[in-house]
Amino acid sequence: MTNYFKYFLYLVVLSVSFTVHANDYDDFFRAARADNPSGMKSLLAKGFDPNTRDEKGQTGLMIAMREPSPKVVDVLIAFPKTDVNARNASDESPLMLAALKGQQDLVNRLIERDADINKPGWTPLHYAATSGQVAIMKQLLDKYAYINAQSPNGTTPLMMAAMYGSAAAVQLLLDEGADVGTKNQQGMTAADFAERGKRPDAVQLLGAAAGAKPKKPADGKW
């Protein structure tokens, strides 16, 4: 009878523990979506893992950035155990999304937390170039972002700037030494991207940059 009672008590404790954990899980993502910093701080103080993912694989930080929930973003970035490099299902990091949206202050704080500037594949510089965020591009380059970084299909930041960004973004990359001759897996250069994107300003800049490069003599000797 004593063993039965102990087993019953164990099941009760286990059930309560599971319920509390489940409630904390729901409360965590509710706080992230509702921009509830006090609720978030309370959960973190209880030991809840800030890197917990929801059913779609999103972390609390990514959800708070998406909503947006700026107060909760502040709490999570300031919390030492938050992994600021945790990526979503599309392999996007918080720094990539902040760079894309031109969120300079958020970019600053993520870099201060050692956010990965040169992650493999698509990088924050690709994303900043895509939306023509020149100030953020310059900041990333100053932090040694690889200017000719290639995505999984070989696309470079210059290609993204040429098709989607701005003339200023293209010019910055050219000034910083981006390679105009690099081709992606489809054999397209940045100039091809500019043509496809109907960007005559980028076509002109890239054409001038390509023409300014010294060409090897016909005999192959300099």
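**Entry 1: Gln-150**

I started with Gln-150, which is partly exposed, with a relative accessible area of 43%. On this scale, buried means under 20% relative accessible area, exposed means over 50%, and partly exposed is in between, using a 1.4 Å probe and protein chains only. Before going on, I noted that this is a predicted model, in which local features need pLDDT of at least 70 and side-chain atom pairs count only at pLDDT 80 or more, while totals for chains, interfaces and linings use all residues. I also noted that residues are numbered from 1 along each chain as its sequence is written, and that side-chain values use heavy atoms, with hydrogens and water left out.

Where does Gln-150 lie? I found Gln-150 in the loop between helix 8 and helix 9. Helices here are DSSP runs (H or I, at least four residues), as are strands (E, at least two), numbered from the N terminus.

Next I looked up the contacts of Gln-150, where contact means heavy atoms within 4.5 Å. Leaving aside neighbours within four places in sequence, Gln-150 is in contact with Gly-121, His-126, Thr-155, Thr-156, Thr-182 and Lys-183. I also checked Trp-122: its C-alpha is 7.1 Å from that of Gln-150, though the two are 28 residues apart in sequence.

**Entry 2: Met-160**

Then I moved to Met-160, which sits in helix 9 (residues 157-163). Is Met-160 buried or exposed? Met-160 counts as buried because its relative accessibility is 10%.

Which residues does Met-160 touch, not counting those up to four places away in sequence? I listed Trp-122, His-126, Ala-129, Thr-130, Thr-155 and Gly-165. His-126 and Thr-155 were already in my notes as contacts of Gln-150. I looked up Val-170 as well: it is 10 residues from Met-160 along the chain, with 8.9 Å between the C-alpha atoms.

**Entry 3: helix 8 and helix 10**

I turned to helix 8 (residues 134-142), where Ile-136, Met-137, Gln-139, Leu-140 and Leu-141 are buried. What covers these buried residues? The cover includes helix 5 (94-100), helix 6 (104-112), helix 7 (124-130) and helix 10 (167-175). After helix 8 comes Tyr-144, with a positive phi near 75°.

In helix 10, I found Ala-169, Val-170, Leu-172, Leu-173 and Leu-174 to be the buried residues.

How do the two helices sit against each other? Two packed helices are described by the angle between their axes and the distance between the axes. The axes of helix 8 and helix 10 cross at roughly 20° and come within 10 Å. This makes helix 8 roughly parallel to helix 10. I wrote down how axes work: they are lines fitted to C-alpha atoms, for helices over the stretch in contact, with angles from 0 to 180 degrees between N-to-C directions. Angles under 35 degrees count as roughly parallel, over 145 as roughly antiparallel, 65 to 115 as roughly perpendicular, and the rest as oblique.

Which residues meet here? From helix 8 I noted Val-134, Met-137, Lys-138 and Leu-141, which meet Ala-168, Ala-169, Leu-172 and Leu-173 in helix 10.

**Entry 4: aromatic rings**

How many aromatic pairs does the structure hold? I counted three. Tyr-25 and Phe-29 have ring centres 5.0 Å apart and planes at 70°, so this pair is edge-to-face. Rings of Phe, Tyr and Trp (its six-membered ring) pair if their centres lie within 6.5 Å; planes under 30 degrees apart are stacked, over 60 edge-to-face, and the rest tilted.

Both Tyr-25 and Phe-29 are in helix 1 (residues 2-34), four residues apart, about one turn of the helix. Tyr-25 is partly exposed at 24% relative accessible area, whereas Phe-29 counts as buried at 3%.

Phe-28 and Phe-48 form a tilted pair, 4.8 Å centre to centre with 35° between the planes. This pair links distant parts of the chain, 20 residues apart: Phe-28 is in helix 1, and Phe-48 is in the loop between helix 2 (37-45) and helix 3 (60-66). Phe-28 is buried with a relative accessible area of 0%, and Phe-48 is buried at 8%. I put Tyr-25, Phe-28, Phe-29 and Phe-48 down as one aromatic cluster.

**Entry 5: the whole protein**

Last, I stepped back. The protein has 12 helices and zero strands. Of its 222 residues, 42% count as buried. Of the contacts with a separation of 6 or more, 68% are between residues 24 or more positions apart.
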